[in-house]
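Here's a quick briefing for anyone opening this structure for the first time. Have a look at the picture, then read on.

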Amino acid sequence: MSSTAASAALDVIEHSDLAAARRVVDQESRALARLSETLTGRFVDATEILAATQGRIVVSGMGKSGHIANKIAATFASTGAPALFVHPAEASHGDLGMITDADTLLMLSNSGETTELADLVNYGMRFRIPLVAIVGKAPSTLTEAASVALVLPDEPEAGTLGLAPTTSTIMMLALGDALAVALLERKGLTAEDFKIYHPGGKLGRRLVRVADIMHAGSDLPLVPADTAMAEALIVMTAKRLGCVGAIDGNGTLAGIVTDGDLRRHMDARLLQRPVADVMTTDPITIHAGALGVEAVHLMNRCQITSLFVVEEKRPVGVVHIHDCLRAGLA
């Protein structure tokens with residue numbers, strides 16, 4: 001095959017692949033839009049049951065539905081709703097012992113007739129454990145057993161065969177996310193609460209507060225504003241933060257002296273001059289409750305390397321760009 005013919009063949013394949021991809025994405029997008037339109041008070045009922053759970057939300061499903069169920073359980077757990085995934089086959093061989101009458105069952109099945117869920121359903125009925133079902137078919141065995149059944153709209157699976165779980169699983173996943181977010185918002189979960197469940201990784205780092213990384217107490221480089229520069233330089237050098245803060249008689253931050261201030265005022269009398277003659281007044285500051293990423297943004301925008309942390313104009317800490325780097329914020 002000539003290079004021209006090979007190139008033309010590749011173009012045909014690429015066009016075909018992109019066409020298939022766009023078809024799938026468009027079809028799944030339409031299915032999600034229809035899912036949104038079909039949500040009713042049953043969704044609220046399901047949320048009520050999950051919110052009233054005293055134990056954990058036990059999520060289960062078989063096959064592709066099981067993979068989605070596993071992710072939904074993880075999403076619940078990460079947003080403050082204790083949850084776990086129980087594999088239906090393992091449940092029949094002892095894992096039913098993980099489930100208590102304080103829990104709530106959330107089961108996923110496109111057909112509503114998944115045989116592997118039978119033991120879980122019977123166990124739940126025996127101990128009167130509430131059951132929320134996400135299903136693709138109604139009526140079905142699972143919808144009849146459920147306290148509340150969320151039935152997916154009848155949308156074909158994507159692709160020319162229309163057999164592989166695609167639109168059905170994407171709708172299940174979206175419903176799981178919707179339930180998790182509804183519970184999160186009911187509880188009024190804050191960013192600080194969220195950080196408790198996400199201490200590691202990029203997300204956890206983004207939620208680090210200035211108070212978590214600042215230098216405080218005896219580490220603070222502070223001197224009265226009338227201190228001679230010779231003494232202020234000793235403090236500045238000892239604290240190793242590249243700055244020294246000047247406080248007035250009320251203990252408020254009157255100004256700061258940085259390496260840049262030293263260069264601007266360098267002369268034979270510098271060491272004898274009071275800090276008040278050299279300092280930058282009205283310095284840029286931040287409060288202890290601010291996010292660490294805010295401190296990084298402020299330092300980058302103002303081209304500085306440290307910030308005094310103040311509460312009611314009184315210095316309570318210093319955050320340096322190196323502290324942000326160590327925390328993985330920059």
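Where does I284 lie? It's in the loop between β9 (280-281) and β10 (285-286), with helices (H or I, at least four residues) and strands (E, at least two) taken as DSSP runs numbered from the N terminus. Keep in mind that this is a predicted model, where local features need pLDDT of at least 70 and side-chain atom pairs count only at pLDDT 80 or more, while totals for chains, interfaces and linings use all residues. Residues are numbered from 1 along each chain as its sequence is written, and side-chain values use heavy atoms, with hydrogens and water left out.

- I284 counts as partly exposed because its relative accessibility is 36% (buried is under 20% relative accessible area, exposed over 50%, partly exposed in between, using a 1.4 Å probe and protein chains only).
- Setting aside residues up to four places away in sequence, I284 touches L298, C302, I304, L307 and F308 (contact means heavy atoms within 4.5 Å).

**The nonpolar cores**
- The largest nonpolar core has 28 residues, and I57, F76, L106, L108 and I134 touch the most other members (a nonpolar core is a set of buried Ala, Val, Leu, Ile, Met, Phe, Trp, Tyr and Cys residues joined through side-chain atoms within 4.5 Å).
- Two or more residues of this core come from each of α1 (3-38), α2 (41-51), β1 (57-61), α3 (64-78), β3 (104-109), β4 (131-135), β5 (148-151) and α7 (167-187).
- Helix α7 gives the largest share, 7 residues.
- Apart from this core lies another one of 19 residues, including A91, I99, V121 and I129.
- L106 is in contact with I57, V58, V59, S60, I72, F76, V132 and I134, leaving aside neighbours within four places in sequence.

**How α2 meets α7**
- The axes of α2 and α7 are 10 Å apart, and the helices pack at an angle of about 60 degrees (axes are lines fitted to C-alpha atoms, for helices over the stretch in contact, with angles from 0 to 180 degrees between N-to-C directions).
- So α2 is oblique to α7 (under 35 degrees counts as roughly parallel, over 145 as roughly antiparallel, 65 to 115 as roughly perpendicular and the rest as oblique).
- On the α2 side, F43, V44, A46, T47, E48, L50 and A51 meet L175, A178, L179, A182, L183 and R186 of α7.
- The residues of this contact split into 10 nonpolar, 1 polar and 2 charged (Ala, Val, Leu, Ile, Met, Phe, Trp, Tyr, Cys and Pro count as nonpolar, Asp, Glu, Lys and Arg as charged, and the others, Gly among them, as polar).

**How α3 meets α7**
- The axes of α3 and α7 come within 9 Å and cross at roughly 15 degrees.
- That's why α3 counts as roughly parallel to α7.
- K64, S65, I68, K71, I72, T75 and F76 of α3 meet T169, M172, L173, G176, D177, L179, A180 and L183 of α7.
- By class, the contact of α3 with α7 has 8 nonpolar, 4 polar and 3 charged residues.
- S65, in helix α3, is buried, with a relative accessible area of 9%.
- Leaving aside neighbours within four places in sequence, S65 is in contact with L108, S109, N110 and M172.
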